[in-house]
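Please consider the structure shown below together with the dialogue that comes after it.

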Amino acid sequence: MAQVNWKKSPEEIAYFKGNPIVMGDEEGLYFAYVTDPAALAEALPQGMEMVSPVVFGYVTHIKDPSFCIGYHEAALMTIGNFGGQPGVYPLAFLLDKGDTGTFMGRDVLSIPKKTADSITLTRDGDKIHANVKRLGIDVIDITAEVGEFNDPMCAQVFAAREPGAVAPGLNYFYKFAVDMGSDGAVSIGDVRLLACPITMTYHTWENASVQVALGESVDDPWAALPVLKPLGGGWTNFDCAMNGVAKVIPIEGEAAEDTIAKNFAARYDQYAMNAK
């Protein structure tokens, strides 16, 4: 008889509820570039203000997460300001290696995550290459070389990232409820902005120059934020710990509708919104 069953123990459920969310031994490539300010402002939900027309992100191998097997992850982010408080606003994430990493982020904190076809990350000496494919499209492709930034301004973007640094931060995630009524109609509501403190512990950091190419995809519209000027990046090893939710901000009225409209593409594909 099989030694497995559907029912999880109270101890396992308790661990799930109290699990410290840590992305441990995370290694890979950060990048940053200047984009079209109008395009970035358009991508931000009402109430989230653009700080500067700089987009940054990473492609990393998360080797020791606290909640699933190791996986690769790619992220596209910017710094937003809500109510006078700046924080990291993630526009989209793509992950590989199964669904748990994706759905833990989406189900618990409503982090905008999808599963990629493939994520490759290689380093040969000072040469680095990262590629993320989804639905047959190269959503992002980066070549990098360890050494100098493309632009000295990049030192401001990655100022806190040096070996041994322990850097507190704040992430913003929009969360909303999607339900189905007895009539079969889907409702979307209870829109909230979660302000989530994080702690980044950097073990290594090497400056790098980068070249970033974004593929045109309706389902993953990263290219809507074009690369006008690459600033640079870095090869790094770090740990990222999520430290709960510091504040929950209700979003209502027109702002709620705008938030939903600007958060769908990072969670659902076009055929969920259009007939084939």
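The dialogue moves from the whole chain to single residues.

Q: What kind of model is this, and how are its residues numbered?

A: This is a predicted model, in which local features need pLDDT of at least 70 and side-chain atom pairs count only at pLDDT 80 or more, while totals for chains, interfaces and linings use all residues. Residues are numbered from 1 along each chain as its sequence is written, and side-chain values use heavy atoms, with hydrogens and water left out.

Q: How many helices and strands does the protein chain have?

A: Helices (H or I, at least four residues) and strands (E, at least two) are DSSP runs, numbered from the N terminus. The protein chain has 5 helices and 12 strands. Its radius of gyration is 19 Å, close to the 19 Å that the globule rule gives for 276 residues, so the chain is as compact as a globular protein of that length. The radius is taken over C-alpha atoms, and the globule rule is 2.2 Å times the number of residues to the power 0.38. Along the principal axes, the C-alpha atoms fill a box of roughly 60 × 50 × 40 Å.

Q: What share of the residues counts as buried?

A: Buried means under 20% relative accessible area, exposed means over 50%, and partly exposed lies in between (1.4 Å probe, protein chains only). Of the 276 residues of the protein chain, 47% count as buried. The chain exposes about 13500 Å², of which carbon and sulfur atoms supply 56%. Such areas come from the Shrake-Rupley method with a 1.4 Å probe; for residues, only the protein chains shown count as cover.

Q: What share of the contacts joins residues 24 or more positions apart?

A: Contact means heavy atoms within 4.5 Å. Among contacts in the protein chain with a separation of 6 or more, 70% are between residues 24 or more positions apart.

Q: Which residues of helix α3 are buried, and what do they pack against?

A: An α-helix has 3.6 residues a turn, so residues three or four places apart point the same way. In helix α3 (residues 100-109), the buried residues are Gly101, Thr102, Met104, Gly105, Arg106 and Leu109. They pack against α1 (10-18), β4 (85-95), β5 (113-115), β9 (166-180), β10 (186-214) and β11 (229-242). Ser110, with a positive phi near 60°, follows α3.

Q: Which residues of helix α5 are buried?

A: In helix α5 (residues 253-263), these are Ala255, Ala256, Asp258, Thr259, Ile260 and Asn263. Their cover includes β4, β9 and β10.

Q: Which side chain has a polar atom 2.9 Å from the backbone oxygen of Asp190?

A: A polar contact is a pair of N or O atoms within 3.5 Å; within protein, one must be able to donate a hydrogen and the other to accept it, and residues adjacent in sequence count only if both atoms are side-chain atoms. Here the side chain of Arg192 supplies the polar atom. Arg192 is in strand β10. Not counting residues up to four places away in sequence, Arg192 touches several residues, among them Phe173, Tyr174 and Val248.

Q: Is Thr236 buried or exposed?

A: Thr236, in strand β11, is buried, with a relative accessible area of 0%. Its side chain reaches the backbone oxygen of Thr204 at 2.6 Å. Beyond four places in sequence, the residues that Thr236 touches include Glu26, Tyr30 and Trp205.

Q: Where is Pro53, and which residues does Pro53 contact?

A: Pro53 lies in strand β2 (residues 48-65) and is partly exposed, with a relative accessible area of 26%. Leaving aside neighbours within four places in sequence, Pro53 is in contact with Tyr33, Val34, Thr35, Pro37 and Leu40. The C-alpha atoms of Pro53 and Leu225 are 9.6 Å apart, although 172 residues separate them along the chain.
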